[in-house]
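Work through the exercises below with the model open. Each task is followed by a solution in steps.

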Amino acid sequence: MFELSNDIINRIRIQFLVLGLVGILFLFLTFGFDPDFFPKLLIELFVTLTLFFIIANLSIILDIKKKAPLSLINNFVILLGIWLAFAFTLNPMLELVNVNLSKPESWIEYSIIYFLNFISLISSAYIFIILKNLFFQGKRKNGKKYFNAFVLFLLLAALASILDQYENLSFVKMVFTANAILLMIYSSANISWIAFLTKAQKKNLLLLSVAVIVFISLNLGAFLYSDNYSEILNNFSSSSQYFAILINIYAIIYFTFLLVTTLFHLPTAEAIDRKTIEISSLQYFSKLINQVLNFNELAETTTELALKISNSNSAWIIMIEGDKKNFFAPQNITLTNANKISDFVFSIKPEETIKEIFLTELSNSTNQKQATENFQSVAVAPFKMHNKIVGFLFVARNHDLPFDEEDKNSIQTFSDYATISFENSKLLSEKIEIERLERELAVAREMQKKILPNKLPQNNNFEVSAVFIPAYEVGGDYYDFFELSKNRLAFVIADASGKGISAAFIMAELRGIFQSLVAYFESPKEILMKTNLLLQRSLERKNFVTAIFGIIDFNNNTVLITRAGHTQALLINNDEIHELKPKGIGLGLNFTSLFDDSIEEIKLKMNDENILVLFTDGVTEAKNKVNEEYGIESLKKIIYENRNEEVDFINQKIVESISEFSKDSCQHDDITLLVIKFKKINGVN
Amino acid sequence: MSEFSANASERLDVQVINLNGYLDAHTAPQLESTFSELIGSNKYKIVVNFQELKYISSAGLGVFMAFIEKIRDNKGDIKLVEMKPNVFNIFDLLGFPLLYEIYEKESDAINRFQNPKE
């Protein structure tokens, strides 16, 4: 209840009330005291308040704000009909039960009078709400101000009806009424929401307007001319009766205007319908542009919408790829027929000359007519991407109406939109592919980082330094050390062919294989042989792995070293630099005894200050701007020059030298460098 | 960016593929399709001429591995000829001389196909 009263006593309504009160008080003071006047005024004010109450409650109950005007009017007509049926059966019914309301005597008759008055107030309120909602359908400048002024004059005119008994004051009511009616006419003109209705809706609206005008006229007639009814109302409250009369007049004015406006809009309704479909299709399409990745889906939607926009019976798309013409998304046509019509069109106008939309009739050519069943005309719009024609949109009609200028424009516009969406979908899928690859590479790099050892072995007998510079694409380099016992250390350097995640997987596998094999086998050759077999399952036929595997034994200062296709190792011994290249085929190239027989295991005796350098081909194949390779000789030179330095320093020098050489060129492959320097070895066992 | 071509021609029922330019991960698919076409038309006697090849990467090497099994199963072979020293060095490091017949002259390889017993 409190909620309701909040709604009722809103600011504007109080203002109206106060204005009305002040106006009537002014009249009252000016024209002297009449003993009947004051109680009558009180009654009228009370009735006006009741009207407010009813309007506020009805607005809430009906909740019609969100309804479309057409359904609003529809409901209006139905309720009006019910109301009129009730009003016109009332008199005969009352006579039947012998009740005379003009001279009420019993309490029953009084209650009937009050009930009638109450529901006639409701009906006025209802009509008022409907009209208010219709008024606010189309947004217009200062609409609210005009409407408030209208309501003000409406109420003033209604209240002024209590002055009816003073003949010389009738002009007051007349002035207010005239103002109210002027505003009614103003607010009925320019009914903009009609424009957005379809033709069928407009026809419907015509019928509804006629019905409303007839019903309201009947209602108004009842108010004005039915003695019985009018008298009852007037006796009860002259202002509510006058309010009802005015609001009915407003309804008649409004709906007359509506009728006329609708009549004028009817001839253009079809054109507007088409434009509306076109615009909404294009809107839908532009949303689609940013969503669809699947070309078939996009083509399907394109031809579906093309049918609507061009008012055609069939549509299909041809995309040109090289010499081939591919058909997509035929609507209401078989591929054979689409093919025939397309061939016919291209025969009279070669595809490369269709730079703009092209229209042609099919009916003239007799042999084509048979093939194309009953298609009469066809329109072909090219899809132009960067001045290149990538395809065509075909729409065909089987009715007599040929394509006109307007069709031409809308089909052309539509095909331009479609082209944009095709291009977007292409760009989007390319972008997604690139992002997918980048994510994959990020995963591969992460794997690589985890696979490589994070700690190098430490021992009094040697110093070791490792450098690993990954290539952007992840090259598949791998190195590791395994401490077999206090005095035995295994080392491995490997390079898996391939890039990215597949190379990273092979690296992970290599690590597992070596880790387990070193626990069971003593000989490097044996370990490489087993590794080759184990890799057979996971390597693709065109992939392989090159590796150098060795075991250092500090008990007798020897190194056993084997090579499987890997680039040669370097050894500095007695101030001389040697290439170490024991025989051996790359892992995964052959799985027969040919591989096993090829692996040569060599045994080296290590002396103090001997340096063993292991690397991958990323080092020697580092390229400069003119595609020259860094090469083995440059590497040998830099190592030799720095042979007396610490291992880390040697590595640093090598890296500097490589990056100086390839400074203007990007790195294509992983670079891995292992430098091992032997210490405190006396050369004597 | 990298320029590469692989042109096949027939000489005495032996297919000779002439390689030209840079054979790496980007151009390897071209050579793959050349091999696929030859195998598709049941031509298994293949000589690959490296005379004009400037560079080969590990992905390029992989192409030969991908087809050799099928070719040998069909009593054919891939023979490699006229490699420059830098290219031969790469094949040599990998152990290819144990897996493939490598000749200095193209005619030697073709003769070998003609007279397998010699």
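Contact means heavy atoms within 4.5 Å. This is a predicted model, in which local features need pLDDT of at least 70, side-chain atom pairs count only at pLDDT 80 or more, and totals for chains, interfaces and linings use all residues. Residues are numbered from 1 along each chain as its sequence is written, chains are lettered from A and ligands numbered from 1 in the order in which they are written, and side-chain values use heavy atoms, with hydrogens and water left out.

**Exercise 1.** Decide whether Ile213(A) is buried or exposed, and find its contacts.

Solution. Step one: Ile213(A) has 18% relative accessibility and therefore counts as buried.

Step two: apart from residues up to four places away in sequence, Ile213(A) touches Phe255(A), Thr256(A) and Leu259(A). Between Ile213(A) and Leu259(A), 46 residues apart along the chain, the C-alpha separation is 9.3 Å.

Step three: Ile213(A) lies in helix α8 of chain A. Helices (H or I, at least four residues) and strands (E, at least two) are DSSP runs, numbered from the N terminus.

**Exercise 2.** Describe how α4(A) packs on α8(A).

Solution. Step one: helix α4 (residues 69–96) and helix α8 (residues 199–225), both of chain A, pack at about 30°, with axes 10 Å apart. Axes are lines fitted to C-alpha atoms, for helices over the stretch in contact, and angles run from 0 to 180 degrees between N-to-C directions.

Step two: angles under 35 degrees count as roughly parallel, over 145 as roughly antiparallel, 65 to 115 as roughly perpendicular and the rest as oblique. α4(A) and α8(A) are therefore roughly parallel.

Step three: residues meeting across the pair include Leu70(A) and Phe88(A) from α4(A), and Gln201(A) and Asn219(A) from α8(A).

Methods:
Buried < 20%, exposed > 50% of the residue type's maximum accessible area, 1.4 Å probe, protein only.
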